[in-house]
Amino acid sequence: MPFPNINPVFLELGPLQFRWYGLMYLIGLTAAYLLIKRTAAAKALPLGPDHIYDMVVFAAFGVFLGGRIGYTLFYNFPYYSQNPLKIFAVWEGGMSFHGGLLGTIIALLWFSKRRGFPTYTIADLAASVTPIGLGFGRLGNFINGELYGRATDVDWCMVFPTGGPACRHPSQLYEAGLEGLLLFTVLWIIGRRTTPPGTIFWSFLTGYGICRMIVELFREPDQQMGFIFGPITMGQVLSTPMVLIGIVMLSWGFYKASSGPSPRAKL
């Protein structure tokens with residue numbers, strides 16, 4: 001299949017350039033705000049529009065700072081240790097989901113403590129909408145022609161502008177489907193059931209880890225990293241603890257709910 005070669009810049013106003021990738025993030029954050037607002041109202045949660053706005057802003061800063069720091073530590077530490085000022089050169093690219101996740105968790109913990117909301121209430125709300133941003137973000141990666149897949153001969157392979165002459169898996173679309181659409185649907189189904197607090201958050205952690213580990217089988221490893229252990233990539237290494245911790249915490253949550261008098265929460 002031919003790569004669509006969409007111009008990464010969808011609008012130019014003089015020296016200003018507006019890129020599809022940034023627009024995808026904006027769409028994801030806006031959709032997250034609206035969906036959290038709707039969910040909070042439907043569940044009669046004490047979250048007003050100002051609280052939700054602050055929550056999204058905290059999360060956005062966590063994603064950005066954590067993603068950038070995570071990339072420098074996990075994927076290219078030798079380079080950035082020798083060129084520390086390049087850490088701030090965000091226009092050159094380089095973000096890590098796993099770092100962004102840690103940054104978001106810290107930011108939302110801070111938010112919940114400052115505002116006096118139960119931690120799992122905030123965590124479940126945030127996790128339930130995160131796949132929206134992930135899906136749109138991967139579409140942005142596809143438009144940019146970055147984070148492409150490994151060379152293959154499947155009928156739907158594409159030749160990416162920066163990927164050499166090889167025909168490759170459009171792994172960004174695989175990720176958009178798995179981490180975005182599929183994971184959002186699974187969490188939505190879970191959210192319609194009565195579950196212990198934290199179930200949606202830990203389900204997101206587990207589900208994302210599984211989806212990422214699958215996609216890494218098709219995605220081209222970062223050039224400066226390559227494979228870590230045999231055929232194992234850094235993405236799989238970082239996702240494995242997510243799956244293990246998520247399964248343990250889900251089991252613990254349901255065990256506590258079934259053996260104790262503590263109330264369950266539906267979100």
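D54 is partly exposed, at 23% relative accessibility. Here buried means under 20% relative accessible area, exposed over 50%, and partly exposed in between (1.4 Å probe, protein chains only). R115 is also partly exposed, at 29%. The side chains of these two residues, D54 and R115, meet in a salt bridge, with 3.0 Å from N to O. D54 lies in helix α2 (residues 49–74) and R115 in helix α4 (residues 97–115), so the pair ties together parts that are 61 residues apart in sequence. Helices (H or I, at least four residues) and strands (E, at least two) are DSSP runs, numbered from the N terminus.

The model is predicted: local features need pLDDT of at least 70, side-chain atom pairs count only at pLDDT 80 or more, and totals for chains, interfaces and linings use all residues. Residues are numbered from 1 along each chain as its sequence is written, and side-chain values use heavy atoms, leaving out hydrogens and water.

**Salt bridges**

The whole structure holds seven salt bridges. The criterion is a side-chain nitrogen of Lys or Arg within 4 Å of a carboxyl oxygen of Asp or Glu. Three of them are tabulated here.

| Pair | N to O distance |
|---|---|
| D54 and R115 | 3.0 Å |
| R138 and E175 | 3.3 Å |
| R168 and E220 | 3.3 Å |

R138 forms its salt bridge with E175. This pair links distant parts of the chain: R138 is in helix α5, E175 in helix α6, and they are 37 residues apart. Both R138 and E175 are buried.

The side chains of R168 and E220 also meet in a salt bridge. R168 sits in the loop between α5 and α6, and E220 in the loop between α7 (199–215) and α8 (234–259), 52 residues apart. R168 is buried, at 11% relative accessibility. E220 is partly exposed, with 31%. Shared partners also build a network of salt bridges: R138, E175, E179, R212, E216 and R219 are joined into one.

**The loop around T152**

T152 lies in the loop between α5 and α6 (171–191). Its side chain reaches the backbone nitrogen of V154 at 3.3 Å. Leaving aside neighbours within four places in sequence, T152 is in contact (heavy atoms within 4.5 Å) with C157, C167, R168 and H169. R168 is the residue that pairs with E220 in a salt bridge.

**Aromatic pairs**

There are 17 aromatic pairs in the structure. Rings of Phe, Tyr and Trp (its six-membered ring) pair if their centres lie within 6.5 Å; planes under 30 degrees apart count as stacked, over 60 as edge-to-face and the rest as tilted.

F3 and F142 form an edge-to-face pair, 5.4 Å centre to centre with 65° between the planes. The two are 139 residues apart: F3 is in the segment before β1 (9–13), F142 in helix α5 (residues 119–144). F3 is buried at 10% relative accessibility. F142 is buried too, at 9%.

Y21 and Y25 have ring centres 5.1 Å apart and planes at 80°, so this pair is edge-to-face. Y21 and Y25 are four residues apart in helix α1 (residues 20–42), separated by about one helical turn. Y21 is partly exposed, at 23%. Y25 is partly exposed as well, at 35%.

F3 and F142 also belong to one aromatic cluster with Y148 and F160.

Methods
A polar contact is a pair of N or O atoms within 3.5 Å; within protein, one must be able to donate a hydrogen and the other to accept it, and residues adjacent in sequence count only if both atoms are side-chain atoms.
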